[in-house]
Amino acid sequence: MPERVKYKIPADYYIVFSVCFLFLVFAFILESPAELLINYLLINTSRSVLVSDYIAMAGLGATLINSAISCIFFLILLIVNKCDSNGRILAALFLTIGFSFFGKNMFNTLPLCFGVFLYAKIRREKFSVYVIYAMFCATIAPLVSEIAFLGDETGVIKIITAYSAGIFVGFIFPVITESAKRMHRGYCLYNSGIAGGFIATFTVGILRSMDIEVTGADFWDTAHTKELAIAVYIFSALLIIYGFFSDEITHAPRNFIKILKEKDIHDNDYLLKHGNYCYINIGIMCVISTTAMLALKIPINGPVLGGILSVAGFAAAGKHVINTIPILIGSIAAAHLNHIEVTAPANALSILFSTGLSPIADKRGWFWGIAAGFMHVSVAVYIGLLNGGLNLYNNGFAGGFVAITLMPLVAFTHEIWDGIKKKKSNPERKEK
C-alpha cells in the first residue's frame, strides 16, 4: 500500500499569515477593542458597493481587522483542504487582503463560499479544486450586502434573501468564470472580474426593472497616504529581500531575469516555475505601482491599496515589469486626456487595474500594450454604470471587454501586415 505524503503547510501561507498578524497588532494599537468592534460591525453592515473605502467609513483600525479576518478565513480553508500554494492562490490571497479594505467582509463573503462548496458537491469533486473560485468569487460580494442593507430597514427576510442570492451566485460562479476564460483566450488576467461583471449587470438589470435603483458609494480617504505608502515600501523591501535570500543569492538576478522574459500567457504561474524568486518580482511591482500613484498625486487609501496589492499578487501569476510598463503608459495617458481628474477614484483604480491586460503586451508587443492600457481606462471609467458598483473587480470586467474587442483587430492588422511583407519579399515574376 503506497505511503501517504503528509501535507505540509506552504511557506507562502506563513508569509501571508504574518501580514495578517501584524494587521491585528496595529489595529489594537490604533483603537480600543470597543471601538474596533463597533467599527468592524459597521463594515459588515455597510452596502460595500464601489467605492466604499472602509478606512474613510470606519477607520484604519477596523479596516485592518476586517482584512486580517477575511484573509485568515481563506488561509484556514486552504490548509483544511490541503491546498498547495501556486501563483493564482497567492494572487487570490493578496486580492483578499487588498479588497477587504473596500468591499469584502465576512458577512458578504460567506454565502458565496458556501455556493461554491455546493457546486463542488454537485460535481462530486473535492472542494480543494474549487477553493480558488471561492476566493475570487468575492468580486460579487457587494451584491449580498446591497440586498441585505439597501434602504432604511433591514430584517430577517432581507438577510435570508441576500444569503440565498449569494449562495446561488457562488454556485454558478465557477461555470461563468470558465466561460470567461475562453472568451478572451488568455489576454486578460482577471477572469473572475469578467464573470462578476456579467452577474452584477444582470442583477442590476433585474433590480432596476423592479424600480429598485442601485447606485455606487463615495467613500474615499485622503488622510493616510504617508503612513500607508511607508508601510507598502517596507513590505515591498521585505519581499524583495526574502526573494533574494530564500535560496542561493547568486542565482537571484539570473532567475529574476528569467521572469522578465516570460511570455507564455497560458502558463504564467511564476511561483511554480521560478519558486521564491518571484517574490522579487512581487516586491518590485509593488514599488512601481505605489510610486506611480504618488507621482500622480493620487492618495493611498483602501481602494488604491487594494489595487497595489492586486498588481503585486498577480506578479506571481502573469505580471512583470516588462509587460506592465506599456499598459501603465497607455492608461496614464488616457487618464490625462479624459475629462475626469487624474486623482479621481475612477481614473486612479483604472490605471492600477489596467495591468490585468499585461498578456497583450507579452504576446503582441509594446505598441499594442500601450493601446490596450489607453482603451482600458476609456472603458473602465464608465462601465461601472452597468452594474451599479456591485462588481468589485469592475476593472476586470472592463479588461475583458478590451481584450475581446482589441485582439481580433490586432490579429487582423498583423495578418494584413504579414501579407504585405510576404508580397514584398516574393514579388511575382512578370511573364515574358
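Q: Which helix does Val25 lie in, and what makes Val25 count as partly exposed?
A: Val25 lies in helix H1 (residues 11-30), helices being DSSP runs of H or I with at least four residues, numbered from the N terminus. This is a predicted model, in which local features need pLDDT of at least 70, side-chain atom pairs count only at pLDDT 80 or more, and totals for chains, interfaces and linings use all residues. Residues are numbered from 1 along each chain as its sequence is written, and side-chain values use heavy atoms, with hydrogens and water left out. Buried means under 20% relative accessible area, exposed over 50%, and partly exposed in between (1.4 Å probe, protein chains only); Val25, at 35%, therefore counts as partly exposed.

Q: How do you know that Cys20 is in no disulfide?
A: A disulfide is a pair of cysteine sulfur atoms within 2.5 Å, and the structure holds 0 of them. For Cys20 the nearest cysteine sulfur, that of Cys71, is 3.7 Å away, while for Cys137 the nearest, that of Cys113, is 7.1 Å away.

Q: What makes helix H17 (residues 345-353) largely enclosed by the rest of the structure?
A: Of its 9 residues, 7 are buried, so helix H17 is largely enclosed; the buried residues are Asn347, Ala348, Leu349, Ser350, Ile351, Leu352 and Phe353. What covers them includes helix H5 (87-99), helix H14 (278-295) and helix H20 (394-425).

Notes: Helices (H or I, at least four residues) and strands (E, at least two) are DSSP runs, numbered from the N terminus. Contact means heavy atoms within 4.5 Å.
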